[in-house]
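Student: Please take a close look at one part of this chain for me. Start with the whole, then zoom in on a single residue and what surrounds that spot.

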Amino acid sequence: AGGRRDAGLRQAGAGGVVAVSGAVSVGVVDNTTQAYVEGASTVGAASTLNAGRTTEVSATSDETLNSVTVSAAAAGIGVAGSVGVKVLTSETTANIGDNTRVNQTRSGAQQDVLVSATDTVALEGGGGAGAVGLFGATAISYTNIIRNTTAASIGDDALVDADRDVE
């Protein structure tokens, strides 16, 4: 299982006759989680597993990014802005490889083969800007970019048996 948590608070402020304030936050997570049974180009070189109960290949990933970006200006002329960016790239895979043999010589009434991959993403936080004075202007930009790949597979020419379920 893999996971990553990032938390941050970015703030800025300014005051006077003319005040300009800005705050920027950038959070980046690049996560790879893998669970696999090694395959091979030939049957003789591939892995062999035999279990009387459950054979499970499971990859689980959990990423949380939390940030708040705030800017404020108080003056006769106040200008404030904040920019927040979160970039999350995650690859979560579970695989029984090519030519792998699972449960070819053993059986059992409670025999299962499970291959699964899950990825949970939580993006939390926000941004704000405030300007107080005779003239005030604010701008906010908050951008989230998510690039996720989640896959579970059984490879080419793999032989997978179970007396109950193959999922």
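**From the whole chain to one residue**

Tutor: The accessible surface of the protein comes to about 8,900 Å², and carbon and sulfur atoms own 49% of that area. Such areas come from the Shrake-Rupley method with a 1.4 Å probe, and for residues only the protein chains shown count as cover. This is a predicted model: local features need pLDDT of at least 70, side-chain atom pairs count only at pLDDT 80 or more, and totals for chains, interfaces and linings use all residues. Residues are numbered from 1 along each chain as its sequence is written, and side-chain values use heavy atoms, leaving out hydrogens and water.

Take the fold next. The protein has 7 strands and 0 helices. Both are DSSP runs numbered from the N terminus: helices are H or I with at least four residues, strands are E with at least two. The radius of gyration is 26 Å, well over the 15 Å that the globule rule gives for 167 residues, so the protein is more spread out than a compact globule. That radius is taken over C-alpha atoms, and the rule is 2.2 Å times the number of residues to the power 0.38. The C-alpha atoms fill a box of roughly 85 × 30 × 15 Å along the principal axes. Of the 167 residues, 35% count as buried. Buried means under 20% relative accessible area, exposed over 50%, and partly exposed in between (1.4 Å probe, protein chains only).

Now zoom in on Ile145. Ile145 sits in strand S6, residues 135–154. Its relative accessibility is 31%, so Ile145 counts as partly exposed. Leave out residues up to four places away in sequence, and Ile145 touches Lys86, Val87 and Leu88. Contact here means heavy atoms within 4.5 Å. Leu88 is 57 residues from Ile145 in sequence, yet their C-alpha atoms are 6.2 Å apart in space. The wider contact count gives context. Among contacts between residues at least 6 apart in sequence, 85% join residues at least 24 apart.

One more feature is worth a look: a sheet. S2, S4 and S7 form an open sheet in the order S2-S4-S7, with parallel pairing. Its edge strands are S2 (48–49) and S7 (159–160), each pairing on one side only. Two strands pair if DSSP finds at least two bridges between them. S4 (residues 101–102) runs parallel to S7, and 2 bridges join them. Arg101 stands opposite Leu159 in S7.
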